[in-house]
Structure formats: C-alpha cells, structure tokens
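Okay everyone, thanks for coming.

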Amino acid sequence: MRISYNWLKQFIKLDSSSEETAALLTDLGLEVEVVEKYQSIKGGLEGIVVGEIKTCIQHPDADRLKITTVDLGDGNPIQIVCGASNVAVGQKVPVASIGTNLFDKDGNEFQIKKGKIRGQESHGMICAEDELGLGENHDGIMILDDSLQAGTLFSKVMNIESDEVFEIGLTPNRADAMSHWGIARDLRAGLVQKNVHPELITPSVTSFRVDKRTFKIDVEVKDIKLAPRYCGVTISGITVKPSPDWLQNRLKAIGLTPKNNIVDATNYVLHELGQPLHAFDANKINGKIIVKTIESGTKFKTLDDVERILHEEDLMICDEKGPLCIAGVFGGKNSGVTENTSNIFLESAYFNPVSIRKTAKRHSLSTDASFRFERGIDPTITEYALKRAAILIKEIAGGEITSDIVDIYQKKIEDFTVLLNFNKVNKIIGQEIPKETIKKILVSLDIKVNSVSDAGLGLIIPAYRVDVQREIDVIEEILRVYGYNNIEFTKKLNATVSNSSRTEDYKVQNIIANQLNSLGFYEMMANSLTTPDYVKLSDDLKEEFNVMMLNPLSNDLSAMRQSLLFSGLEAVSYNINRRNADLKLFEFGKSYHKMPSGYDENKHLTLFVSGNRQNEMWTNSQKPSDFFLFKGYVETIFSRLSLQKTKTLPAVSDVFGEGIAFAIGNDVLVEMGTIKKSILKHFDIKQTVYYADFNWNLILKLISNKIKFQDIPKYPEVRRDLSLLLDRNVTFDSLYAVASQTEKSLLKEISLFDVYEGKNLPEGKKSYALSFHIQDTTKTLTDDQIDKIMNKLKLNFEKLGAVLR
C-alpha cells in the first residue's frame, strides 16, 4: 500500500523527516519497505529557468531556424538556435541550459549539451510544453507571462509538487490502516508513547447541506446481513471534466491514474478515509435502488467491458429493471459516470466482508474497494465519508445536493468488549509495563477504558478494529505501540532439556527417511488439496467421505485427499513426462476423511518405485525394478523398526493389480503391490508403478521404546516352492486361505514371488510361484514331515484347479 507523506501531513502535523517517520511506522508494525521520491513532473523541472529573448535573427543557412540571444538573469546572455515558428524578441520563455536533464514522453532521460546547428553554436534549448512534460502541444515554444523575471526558477512558476511516498507492507489483519487517516491514527499513538502529543486533523463536513430536495432516489435493502449499512445521496448539475492538478497529483503519487473529477473524488476519499464509494449516473437508474442477490446465471457487463455470469450469492446494486453494479467490487458498464453525466447518485456502504471476498474471488476481481470491504472497514464513518465526498464533488465539479441522505442502518454494528488482566500482560510481554502506560497506550489507540480494577481493565474496542477482539490481541497492540525494541533482555540464560521418547514421531520419521535416502529414494511433499474426482478411481474411497473446502481456489484443489496415492502418481507422471522415468519416491503425509462421527486424519508413509533399478552405467546393465526388490524395501523398514512378527496377507485395496499386505495379528501395517493399469492410464503412465502404503499411526503404536533382543532360532526354517498353473480368475487370496487351513502350526509364512501371464501358457491361464516357510520351534523338521505338508498343499490346491508346473 502506498502512502503520500504530504497527504499524511494533512491529518497530523509532523516535524520529523520522512526517514524518521518511516522508522516509527515500521516499529508500529506497519513496515515501510521503500520510501520513493515523487514529482508531479518527472525531473521537477530542475535546471529550467525563465529567459528573456533579447535578439532574434534568421539563421543564414536554414530557412526554418532562428538565432536568438537569451538573457537568463545572470548578466551573461547566451546564444540559442531555435526552430519554433513563434519565437520573437521580448518573449519570456522556459530555457534549458547546458547540463540540464530532460525527459522525453517515454520517460527516457537526455542531457542538453553544447552543439552546433548548421554551423551556429547553440548553448541550450528554448522549450515547448511536451519537451517539459507539461502537455502534448509541440506547435511552438511556451510563451510565459511578461511579469516574470529572467532567471526565475521555472519549477516555482509551475508549482511543482514534490512528495515522498511510503510503500507499506500491510498485513491482512490491519484493515484499520488501509488509508491515510488510519496511518495517521497509528502515528499519533506512536508519538504519544514518545511524549509528543500531535493533534489529529479530520476533514470537516460542517459545510454539507441539501441545496434542493428535487431529485430523490429511494433505496431498498433486501438483505440486511449482506448490507448492514447503506447510504446514498443525489448530486445534480455536475460537470464531468479532468480533476484539478492538486487532486491529480495526490492520486498519481500513490500510483493511481486520474480518470475524471467524479471518479477521482471517490478514489480520493477511499484512500483518505478508507471508505469505498461509488457514483452512478442517476439518469440511468430506473426507479429505486434495490440492494439484493439475484438469480444465478444472470449475465452482467462490468466497467472493463467483460460479461460476467453472476452467482446467486453475489450481492448486487440493482434498479427496478436489473443489476447496476457488483456491490463492493466493480461497477457496471451501463450505469457508470461518463463525460455526458450531469446527475449522480453517490453510494457509501458497509458490506459483509465474507460476502465481498467470495464474490471478488469468484469473478477473479481485485479492486481497491473489494480489498477494503473484504477485510472489514469502519461502519461508523459511512455517512461521514459520503458527506466528505459530496462536498469535494461540489467543489471540483459544481452542482447541487438535491436530496437528503438515505441511511439504512437497521442493526448497529456494536463495538467489542474485552477484559484485560495486568498479570497476563506482564506474563506475555515478559516485562512489567506500568499500568498508567498501558492506559495511555490504549487511549491513544481509541480503545475506551470502561472499568478499572487492581487486576485489570474493562475495555471497549472500536468496531473498525476487527483484528482486536481478544485479550491477546489487546496485549499485542500494547506491545507494538510500547515498542518491541524497548523490551529488555535478561542477562541470565535459562535452558531446559526435555526428556523425549525414542519413539516420538519425528524421530522415527527421520530414522526411516534417512534409511530410504540411503537406498536411493527421494522425499516428496504433495499438496493435501486435490480434486474430489479421484475418489471415482477406487472403490475403497467414498465421495461422501470427501472433506470439501468452503472457499476453494479451484475445483482441482477443492477437497482434502483421502489417499496419498493419486498425488504421488501426479508426481510420477510429471517426472516421466520430463524424461525422468527411473523413480524412487517416498512421502510422509496425512489423509483426511469426513466420517459420520466427525472428521478423521490418518498419517501414512507411501513408497513409489518405477523404471530401472539404477542409472545406466558401463559397469552395470539396465534392469527394471521388480516386485521382489520393492518387497525388500518394505521389509527393511520393518527390520529397522524391529517389527519382526509380521505375516503376509493378500492386499485388500482395489488399487492394486497384484498386491500383498503385511500384518501383525489382525492389524495391517502396509499394503503393497503394482498399481492397476486402469488407474495408471488416468495419469498417462505406461510403465509399471510399485506402491506401498504404511499405516504410520499403527506403526508408532506397535514399536517399543525399549531395545529388544532375540536369540537366533535354534532349529532351522525350511523353505519349499511351488510353481502352479491356474485359471486366471484364481487369486492369491484363495490360495493363501487354502494353505493356512492346510497347516496351521508349522507353516509360518506364505509368499507370492512370481506371477506370469503370456505366451507359452494355455488361454485363460496364469502362473503363480509360491514360497512356503516351515519351522518347528521345538525340534528339527524331517524330510518326511516336510513332504507330508507339501503333499497336502498340492492336493488342496488341485481342488482350485491348480496344476503343478
């Protein structure tokens, strides 16, 4: 936000320099990022003086040039060659002498140098309007008033406006400081703390009066919640023309382009007091003004000549025929002020901040008015600002006020009440501040002390301080005005060492992250916001479980993710499309679910592997990652966390083409496998992607804070493999169930380590390779026992149509 120093000094008398004022504003929390010089004419006409033409003769070698002698008031006339047709003896003219810097119409700087023009020396330049930035006229040189003295600085003749402009990095909560008046209020509070008591000067509106009651426009507010206060007045007989120089200079200094005197007046009051206003061409209003929402899908053309489709929640300023303006955001094309406007209806209102923000965001509009309305303006100055603007318009555009002010304010917006505890103030700040100092600071901030006790204060916070509604907010106000730099630091250093568990989340997470890094994985962080349409890709996810954003940036970022899978596949697809196809990624993140009992968050660790195992080098051949390599990565995590009593189960999630799960008891720790081709196709991924989803919350519960040791098994484990030819519809789940029922005590683990479908197999068949781990903890197994178990397995598998390969 840009603040003019000259403008600021209209509200508060300041003896300090701009640098000192900028430092004080920064200390008050209004950080001044840049202080820029501003001049109403670039260069400030420095080096331009009034000259008197003493002689003027024809150039001997050029018909269109004259040789002049010009007195610059120093007793040493100079010769200047001039090509203007209107140059003559006795004229007072603006002269740029040698060394003067001028600026062309594009703002480029150039210097006047001594030169020769057709053999005659020229020691400067007699200037035209456009050469000085004073206009567009280049018909001839400027002719000045004869009463001016030669040698007078031309900048004094033209009353050049010089200013300094503060660029303030305003935080969103400081709605009260979005104007020169608001900044002046804060400056006063800061100066009072320094025992300087300046007076705040408010623009007077005592001259406001109704000239005639001949042109009244009635107002009806249909939605008081969206428009708690609405004021309006008519001004008739105005003349729309350019604004006076002083007003244009004020607006130009803060980066605004002047339009006309009516629009400029409303912009001036907006940046002066922080109250947005809007002027309608009163002759284009049919009947009365109606403040309401209208039917969704209504088309409306705004001032930028763009046709917009309105939403049913957009608050509109309408007449009896249709919408005129998007309330608090942008004016309409067909109701705005033009050069032919003679009567206006001037609006000043307080609109619901949430409604304005949603409308501005919905239509991708950000204006000075919406910027203020959506943060919360002062509802108490609505009528005052209207009077201020009406007086200003009469001053610069003429006309008469032809109606009483309409002020619809059914339910007053009340001030906030807060109880402040002195002990709480000292505890939060870390230093005892005298009670009288606290009171003085609060009063300087327009916070009324309603009651006083030994323990604290009862306060009334003005309604315009929308960011000060709690005790902690008041403490922050006290601290920023008292000065952060005035808080002393103790010489004693206090430190504490916390006794944290070895199994705290962040510690375990760092251990596993380091391990995965050492295995060649890269950590990724995906956005928790995603599209709600991803739930359609898996039957595991339900649309009714989506946690939807109330005010989404876009449809693609309107829901909290129910799974980390799809954001991970976005990253995989992004990398593959940029020729980075060999991937090992992992992410710690949360999934979000809207359950009947409330909202639920679950933490996960996910792994993604795709492409080749290693980068191509002359020392090794390219070999793609496979299921067993990926399974090894998962098992190393369990090994590192000492989760050893895991068992293998079929994966339940339908996102896997082939998959398994690891569990302890009935608790599934992780599901892993290859992602279904239908899901990969949605992300335009043509290569195999291996995916593992760890239930991180469960893992944290199961790992122990104690280090456990286990003896090496005394009796050996035996592994036997079977390669089976099966119908394509037979799943690993059914094989697992049969094997588990066949041998419950000695069969420790069943694993699927190879799947094959393709040529050399009969139609409709597939090949599964299974491994069986058999162990007796009390004795060594014999071949007869092992063979007996394997024969039982073969017979039971045959019931599923399996054939031993």
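Two strands are called paired here if DSSP finds at least two bridges between them. Strands themselves are DSSP runs of E with at least two residues, helices are H or I runs of at least four, and both are numbered from the N terminus. What you see is a predicted model, where local features need pLDDT of at least 70, side-chain atom pairs count only at pLDDT 80 or more, and totals for chains, interfaces and linings use all residues. Residues are numbered from 1 along each chain as its sequence is written, and side-chain values use heavy atoms, with hydrogens and water left out.

So, that pairing. Thr 69 stands opposite Gln 79 in S5. Strands S4 and S5 (residues 78-82) run antiparallel, joined by five bridges. They make a hairpin with six residues between them, and Gly 73 in the turn has a positive phi of about 85°. On to the other partner of S4: six bridges join S4 (residues 66-71) to S3 (residues 48-58), again antiparallel. There, Gln 58 stands opposite Lys 66 in S4.

Now let's zoom out. The chain has 20 helices and 41 strands. What box do its C-alpha atoms fill? Roughly 130 × 80 × 70 Å, along the principal axes. The radius of gyration is 40 Å, while a compact globule of 805 residues would have one near 28 Å; that's taken over C-alpha atoms, and the globule rule is 2.2 Å times the number of residues to the power 0.38.
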